[in-house]
Amino acid sequence: MNSQNELLTLIAEMQQYLEKWDFDLNENIDLEEKYSQRVKELGEFNFVVCLFENYSNSSWGMIMMMHFVFVWQNFSYQDWQNILYFFAQNSIVLYELIRFYGGFLGINIGQMIQEDKEVPDEARSYLKRYFSKGTPKQMYSLDPFERYGIEPATLWKRWKEEGAPMNVDV
């Protein structure tokens, strides 16, 4: 089985696990304990790319990204840039990246796209066309960070020090 198929199989299994979880009961679900080793074996970066590539046109993509903080919590700003570069010409994925970066990661994705010379012009045109009033700013709950004992400001500060334009005060 190639790694893309393995990643898709793992993501589908994780999705099924989440579907069985009763959010209303505030159950303690430990995705990290259950899946972190398999994700590491396949590669965290590859996992996130596969997730965006295959789930961007469904609500599950965003839900899983917020529940899989343990997968990307150690990503550098450069990792997030590389994901943007990879999908900058894919309008479906780019839309979700803009929402996720701005609305959850706290990265000023509009500024990132406008100022980063590595980002293709198509992404700048897309941004102007579909986000003319601005990109999302912190619109999602910070609960997923708390679930993994992560202080979001720590990530935001690190990314800012690495050169990320941030929408949040750090």
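## Basis of the model

Residues are numbered from 1 along each chain as its sequence is written, and side-chain values use heavy atoms, with hydrogens and water left out. Because the model is predicted, local features need pLDDT of at least 70 and side-chain atom pairs count only at pLDDT 80 or more, while totals for chains, interfaces and linings use all residues.

## Overall fold

The protein chain contains eleven helices and zero strands. Here helices (H or I, at least four residues) and strands (E, at least two) are DSSP runs, numbered from the N terminus. Read from that end, the order of elements is α-α-α-α-α-α-α-α-α-α-α. The radius of gyration of the protein chain is 16 Å, close to the 15 Å from the globule rule for 170 residues, so the chain is as compact as a globular protein of that length. That radius is taken over C-alpha atoms, and the rule is 2.2 Å times the number of residues to the power 0.38.

Along its principal axes, the C-alpha trace spans about 40 × 35 × 25 Å. Contact means heavy atoms within 4.5 Å. Of the contacts in the protein chain with a separation of 6 or more, 72% are between residues 24 or more positions apart.

## Surface and charge

The accessible surface of the protein chain is about 9000 Å², and carbon and sulfur atoms account for 43% of this surface. Areas come from the Shrake-Rupley method with a 1.4 Å probe; for residues, only the protein chains shown count as cover. Buried residues make up 49% of the 170 residues. The term buried means under 20% relative accessible area, exposed means over 50%, and partly exposed lies in between (1.4 Å probe, protein chains only).

The protein chain has 15 positive and 25 negative charges, and their mean positions are 7 Å apart. Lys and Arg count as positive and Asp and Glu as negative, whereas His and the chain ends are not counted. Each charge is placed at NZ of Lys, CZ of Arg, CG of Asp or CD of Glu.

## The nonpolar core

In soluble globular proteins, nonpolar side chains tend to be buried together. A nonpolar core is a set of buried Ala, Val, Leu, Ile, Met, Phe, Trp, Tyr and Cys residues joined through side-chain atoms within 4.5 Å. In this model the largest such core has 58 residues, and those touching the most other members are Phe47, Trp72, Trp80, Phe100, Tyr101 and Trp159. Helix α7 (residues 91-105) gives the largest share of this core, eight residues.

Beyond its neighbours within four places in sequence, Trp159 contacts Trp72, Phe75, Ser76, Tyr77, Trp80, Leu105, Ile107, Ala164 and Met166.

Leu10 lies in helix α1, which covers residues 3-20. This leucine counts as buried at 1% relative accessibility. Leaving aside residues within four places in sequence, Leu10 is in contact with Tyr35, Arg38, Val39, Leu42 and Phe47. The C-alpha atoms of Leu10 and Ala123, 113 residues apart along the chain, are separated by 30 Å.

Gln15 is also found in helix α1. At 14% relative accessibility, Gln15 counts as buried. With residues up to four places away left out, its contacts are Tyr55, Trp60 and Met64.

Glu96 lies in helix α7 and counts as buried at 12% relative accessibility. Apart from residues up to four places away, Glu96 touches Phe52, Ser56 and Met62. Its C-alpha atom is 8.5 Å from that of Gly61, 35 residues apart along the chain.

Ile109 belongs to helix α8 (residues 109-115) and counts as buried at 0% relative accessibility. Not counting residues up to four places away, Ile109 touches Leu84, Ile98, Tyr101, Gly102 and Thr135. Trp156, in helix α11 (residues 152-161), is buried with a relative accessible area of 8%. Among its contacts beyond four places in sequence are Phe104, Gly106, Gln138 and Val170. Trp156 and Gly106 are 50 residues apart in sequence and 7.1 Å apart in space, C-alpha to C-alpha.
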